[in-house]
Amino acid sequence: MKPELIVVVSILMLFVILEILFTKFFSKPEQKRGDGIVEIVSTLALVIITQPVVLLMGAGLAALIAPGQEDVLKSWPIWSVVLLFLIFDDMTQYWWHRITHSTPWLYKLHRPHHNAEYLSIRVVYRNNIFYYLLMPGLWFSGALIYFGGGWVYAFYIVVKMTVIYGAHSDVRWDEPLYKIKWLSPIMWVVERTISTPATHSAHHGRHADDGVTNYKGNFGNLLFFWDVIFGTAKITRKYPEKMGVENLPETSIGEQLIWPIISKSKST
């Protein structure tokens, strides 16, 4: 296993341990039958199959389009390669996330992430398997790795996943920091730069009229800054009392994981 993957897995396990110690990790409030299966299968499918395959295909496609250019980025300054990943991976993921919320058939691929009526490290990778297969950011990342950006990607992915894990975990690391008065200016910058538990939980809120939920916004993954500049940010420093989505039709484990191969839903 590559060093960066060991670090990412270690950080993931740290959040798992924290949730076990401080929250009800194995029995989340309003957890439904089948939630655990969806989370385990979707996570294993992404880590073992989808992400490695898409990165390889992205690199292969780049090799076909630009043969002989595999090392072109190795002479670039680190900051410029990081900027490429922020634009072609993180910003495109913001737009992919945003588009899936506004396109009914694409939402079928992302709905499993919101079908969970709780926020937790458990739901980080909870999506339809095809959601990641079609994610532009993974394809672009594979291309950038081919062009010689792999050495930067190793550090970039550790930082990105640490932020994403922290934003999804219901161990709210930002909550005590908001109460420290002298940290307020720093947190003002932080919450407008990266995703935090407060800003991301707002995206998972169940009730649009609770004053906190911003289901049609707060789409950022690593950088919340995309929401700020593209006008979809809502910052309250509060957390929704209920998670999930109002009035979702019933679904099945199979539909959540491999729609449209399995399509089974009934109106409630």
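Me: Hi! What should I know about the model before we start?
Reply: It is a predicted model, so local features need pLDDT of at least 70, side-chain atom pairs count only at pLDDT 80 or more, and totals for chains, interfaces and linings use all residues. Residues are numbered from 1 along each chain as its sequence is written, and side-chain values use heavy atoms, with hydrogens and water left out.

Me: Which residues of H1 make the contact?
Reply: On H1 they are Glu4, Val7, Val8, Ile11, Leu12 and Phe15. Contact means heavy atoms within 4.5 Å.

Me: Let's stay with Glu4. Is Glu4 buried or exposed?
Reply: Glu4 counts as buried, because its relative accessibility is 18%. Buried means under 20% relative accessible area, exposed over 50%, and partly exposed in between (1.4 Å probe, protein chains only). Not counting residues up to four places away in sequence, Glu4 touches Ala154, Ile157 and Val158.

Me: New topic: which residues touch the most other members of the largest nonpolar core?
Reply: That core has 40 residues, and the ones touching the most other members are Phe85, Ile121, Val124, Tyr125, Tyr132, Met161 and Tyr165. A nonpolar core is a set of buried Ala, Val, Leu, Ile, Met, Phe, Trp, Tyr and Cys residues joined through side-chain atoms within 4.5 Å.

Me: Which helix gives the largest share of this core?
Reply: H6 does, with 11 residues.

Me: And what is Ile121 in contact with?
Reply: Leaving aside neighbours within four places in sequence, the partners of Ile121 include Leu12, Phe15 and Tyr165.

Me: Last one: where does Ser42 lie?
Reply: Ser42 is in helix H2 and counts as buried, at 2% relative accessibility. A polar atom of the Ser42 side chain lies 2.6 Å from the backbone oxygen of Val38. Beyond residues up to four places away in sequence, Ser42 touches Tyr125, Arg126, Asn127 and Leu257.

Notes. Helix = DSSP H or I, 4+ residues; strand = E, 2+ residues; numbered from the N terminus. Polar contact = N/O pair within 3.5 Å; in protein donor to acceptor, adjacent residues only side chain to side chain.
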